[in-house]
Amino acid sequence: MKSVILTNKDGMTATLLNFGARLVSIKVPVRSDLTEMLVAYKQHEDYLTDPYFLGAVCGRVCNRISQASFSLGGDDYQLAANDGAHCLHGGRGGFSQKFWAIEEQAESKVVFSLISPHLDQGFPGQLSIRVSYHLQDNNALAIQMQATTTSLTAVNLTHHPYFSLGEPTNQNLKLLLNSSVFLARDNNGIPTGNEVAASALGTDLAQLTKVSDLYQKSDYPQILDEQGLDHCFLMKKNKMQQPDAVLVSDLTGVKLAIYSNQSAMQVYTGQYLASPLRPYEGICLEPQGYTDAVNQSEFPSILIDSDQTYQHTSLLEFSR
């Protein structure tokens, strides 16, 4: 396993691993001290057995695919069921579990690449993927993911860091989302096909809202019962002129703004984290396409063909 540390002139650092093309550390100067922004293991070797996708690139298709199967072009494809009867983040042997090649490396940028052969994880077509991380001098980390295929296939990538912004839990962090609706889902995380107004949570997500209030004081029974969010919010797209999400720590004074060209964002409050980690230690804000889009034709397509290129752009902008 290889690690790469990116630096910029402001003293910010980002650490990546070639295992899962993972982002395992972001450190930002806070009152002259470098402060960790992510939930992380103490040893890099711990990521080899990580069940929580910490910092990983997830795919070929992130989030859940119902019944771990889908049909495409008249053929049925069976995937690995690793979340009950369903496939989560590509299933066993997904991109988070693979060693990526380091294609380029510089002081502030690294590019990982991976070839996913035909029927890898059960998906059709050979997929060629490049993921670049570029640490900019304005304390922003730009993430670019590109993929091409030899034949029609499904692609929906995301990056999966757990943000803490230097706090011991996510409970006192404040969150704003550029979204007015989320996908209704069953108790296994599979969308029902319906949309729910974000106002059903009992809070105004257009204003900074204490994260613990979202699940401890929610008006939405499912979130209250589960004592956490794991829901797909649909973004108001604006060509990355406004952030999809803003996360703020009053303790450290750090503000994170996330920009993306993706149509949705999974918000997961980490309630299922367990030792050596802790429940609610961080919050995941995962830009991506709609959950289970391969099985729900009314959702925006996540299919690409051999004459198309999948493009995922995200920007993590830190400020104080």
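Tutor: A cavity here is a set of grid points where a 1.4 Å probe fits but cannot get out, and lining residues have an atom within 4 Å of a point. Please keep in mind that this is a predicted model.

Student: How many cavities of 30 Å³ or more does the structure hold?
Tutor: The structure holds one. The largest cavity has a volume of about 60 Å³.

Student: Which residues line the largest cavity?
Tutor: The lining consists of Asn63, Arg64, Leu183, Ala184, Arg185, Gly189, Pro191, Asp230, His231, Cys232, Gln266 and Thr291. Strand 18 (179–185) and strand 21 (230–235) are the elements that give two or more residues to this lining.

Student: And how do the residues of that lining divide?
Tutor: Four are nonpolar, five are polar and three are charged.

Student: Changing topic: which residues have the most contacts inside the largest nonpolar core?
Tutor: They are Ile26, Tyr133, Leu175, Leu247, Leu285, Leu316 and Phe318, in a core of 62 residues. Strand 12 (residues 127–135) gives the most to this core, with five residues. Another core, of 19 residues, lies apart from it and includes Phe70 and Tyr290.

Student: What is the bridge partner of Leu175 in strand 22?
Tutor: The partner is Leu247. Strand 22 (residues 245–248) runs antiparallel to strand 17, and four bridges join the two. Leu247 also touches Phe163, Val211 and Ile283, among others.

Student: Which residues of strand 17 form its covered face, and which its uncovered one?
Tutor: Leu175 and Leu177 form the covered face, whereas Lys174 and Leu176 form the uncovered one. In a regular strand, side chains alternate between the two faces of the sheet.

Conventions
Residues numbered from 1 in each chain as written. Predicted model: local features only at pLDDT ≥ 70, side-chain atom pairs only at ≥ 80, totals over all residues. Heavy atoms only, no water. Core = buried A, V, L, I, M, F, W, Y, C linked by side-chain atoms within 4.5 Å. Buried < 20%, exposed > 50% of the residue type's maximum accessible area, 1.4 Å probe, protein only. Contact = heavy atoms within 4.5 Å. 1 Å grid on protein atoms, 1.4 Å probe; cavity = no way out; pocket = protein on both sides within 12 Å on 5 of 7 lines; lining within 4 Å. Points joined across faces, edges and corners; volume = space filled by probe spheres on them. Nonpolar A, V, L, I, M, F, W, Y, C, P; charged D, E, K, R; others polar. Pairing = 2+ DSSP bridges. Lists of a residue's contacts leave out its neighbours within four places in sequence.
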